[in-house]
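Dear colleague,

My notes on it come directly after.

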Amino acid sequence: MQDRHRPRYHFTAPSRWINDPNGLAFHGGRYHLYYQYNPHASHWGDIHWGHASSADLLHWQDEGIALAPSPGHDAEGCFSGCFALVGGVPTLYYTGYTQARQVQCAATSTDLRHWTKHPERAIVVPPADVAATEFRDPYVFQQGPWWYMVVGASHRSERGQVLLYRSADGLDWQYRHPLFTAPSLALGVMWECPNFFPLGDKWVLTVSIWPNLGAHAFVGRFEEERFVPASDAPLDVDAGAFAHLTLCAPDGRRLQWAWMNEQRAQERIDADGWAGAMTVPRELGLDSQARLTLRPHRELAALRQSAIPTMNSGAARSVLCRWAGRCMDMQARFVLRDKAKVGLTVLASPDGQEYTRIVYWPEARRLLIERAHSSLDRQVRRQDLHAFLLLDPGEPLQLRVLLDHSVLEVYANDRVCLATRLYPTLPDSLHAHAFAEGDTTLDLQAWDMGSIHVGEREALQTPDP
Ligand code: FRU
């Protein structure tokens, strides 16, 4: 709690390094979140699976280590994968990693904490045109009479591909063919962490792009064991969030988590002793044009503490109102009357040395996070992030901004999200204001947020604006 960069309502491991969410499940009345975990250092390496569980999607209890590397297929790491209930048996599918090759492995459990590996079930050799070192991250689902597994791959080390396997019992797998291959080389050399699931009457494929480190979503049909996309769009840009994975909640909602990497020097990370955070769970949907929609899960509102008073500047332009905080949920609705920029400034120091701007620029149809002045620490990544956002005529700009110490997630009109990390250095870099360069009307609400860690009773203080 002394660490000013450590998130309070975004999931982090008890200590050390995390990356991808893995094995998401709702089982036995609880949600389970597994994750790529290095228990020994705050950098990537020696990859285990960590485990946490929750009854309410808000408060997470640490469940210890679920999978650890051991002699055999996963001697050098237990890479990403998924959970499936196969014939009533909780099963993890994951990639066993060694420098020489990547193997799709299975493990079973009765209590979801202790896992028995089944090396005899492994898919050891990839299909032709896929290198043994570019073959990972299985995701398993049931459709009709079959179990299917999709695996991330690179076709001839040139372009991203998702491979499709099929099984009658979830134990013994046959390779079918590629489910889908990147239509363009611009979509990276390899696709990691494919997630393929039904949503409404469509199917959605999300992939994480290597080496560009963004994520992309396709919406389409699943026909004759092939994916036929009808539309696609970036899901997260510029390494903001990565390795997206979903589960289906008992009420039918499709919830998605992704990993947010650190964006600062390793020596600073080592000093703090932890690295990486998860996005809040996102509720996915489709709009009337069958485009993917995403918004923070509805349970999050229960963490809102007091409403933060905002001071109205009285002006119709420039600074509209001011408030302050480092751990907030904010909702802003701008009615735009021209094409001038509007937005929010957060984590600003009173002397103007540090600040981060969330900007919507209607003329350019761009949503931006401007990080150039986000930190005086010269080793922090400070380039801008941007996403395409076209508003319909008369449609207001609706921003939902989750600020949680070093984590910033910006959702716009339920269809675009920018996520990133911020590390201001000055003790008073906690001021916020809303601004408009043209003519606009703003409705704004902001709340202090509580902590998600079981057992923590943190008194969050609201500084005066
Ligand atoms: C994605 C990824 C996966 C791999 C895991 C290793 O971030 O590279 O492809 O399974 O991380 O930790």
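Predicted model: local features only at pLDDT ≥ 70, side-chain atom pairs only at ≥ 80, totals over all residues.

Ligand site

The shell around the ligand consists of Asn 19, Asp 20, Gln 36, Trp 44, Ile 47, Phe 79, Ser 80, Arg 136, Asp 137, Glu 192, Phe 242 and Trp 259. Sorted by class, five of these residues are nonpolar, three are polar and four are charged. Three strands each contribute at least two residues to the shell: S1 (16–27), S5 (78–86) and S9 (135–143).

For Gln 36, a polar side-chain atom is 2.6 Å from an oxygen atom of the ligand. In the case of Asp 20, an N or O atom of the side chain lies 2.8 Å from a ligand oxygen. The side chain of Trp 44 likewise has an N or O atom at 2.9 Å from an oxygen atom of the ligand. Taken on its own, the ligand has 310 Å² of accessible area, and the protein covers 91% of it.

Sheet S9 to S12

Strand S9, already mentioned for its part in the ligand shell, also belongs to an open sheet of four strands. The order is S9-S10-S11-S12, and the strands pair in the antiparallel sense. S9 and S12 (174–181) are the edge strands; each has a single partner strand, so one side of each lacks a neighbour in the sheet. On average, neighbouring strands here are turned by 30° against each other, direction ignored.

Between S9 and S10 (residues 146–155), the antiparallel pairing extends over seven bridges. Within S10, Val 150 is the residue that stands opposite Tyr 139.

Sheet S13 to S16

A further open sheet is made of four strands in the order S13-S14-S15-S16, again with antiparallel pairing. Its edges are formed by S13 (190–199) and S16 (226–236), each of which pairs on one side only. The twist from one strand to the next averages 25°.

S13 and S14 run antiparallel and are joined by eight bridges.

Salt bridges

Side chains of opposite charge can pair when their charged atoms come close. The count for this model is 24 salt bridges. One of them is formed by Glu 63 and Arg 113, whose closest N and O atoms are 2.5 Å apart. This pair links distant parts of the chain, the two residues being 50 residues apart. Glu 63 belongs to strand S4 (residues 61–67), whereas Arg 113 sits in the loop between S7 (102–108) and S8 (116–117).

Backbone geometry

The peptide bond that joins Trp 210 and Pro 211 is cis, with omega about 10°. Pro 211 is located in the loop between S14 (202–210) and S15 (214–223).

The other place is Leu 57, which has a positive phi of about 70° although it is not a glycine.

With kind regards

Terms used:
Residues numbered from 1 in each chain as written. Heavy atoms only, no water. Near = heavy atom within 4 Å. Polar contact = N/O pair within 3.5 Å; in protein donor to acceptor, adjacent residues only side chain to side chain. Areas by Shrake-Rupley, 256 points an atom, 1.4 Å probe, with all protein chains shown as cover. Nonpolar A, V, L, I, M, F, W, Y, C, P; charged D, E, K, R; others polar. Pairing = 2+ DSSP bridges. Axes fitted to C-alpha atoms, helices over the stretch in contact; angles between N-to-C directions. Salt bridge = Lys/Arg side-chain N within 4 Å of Asp/Glu carboxyl O.
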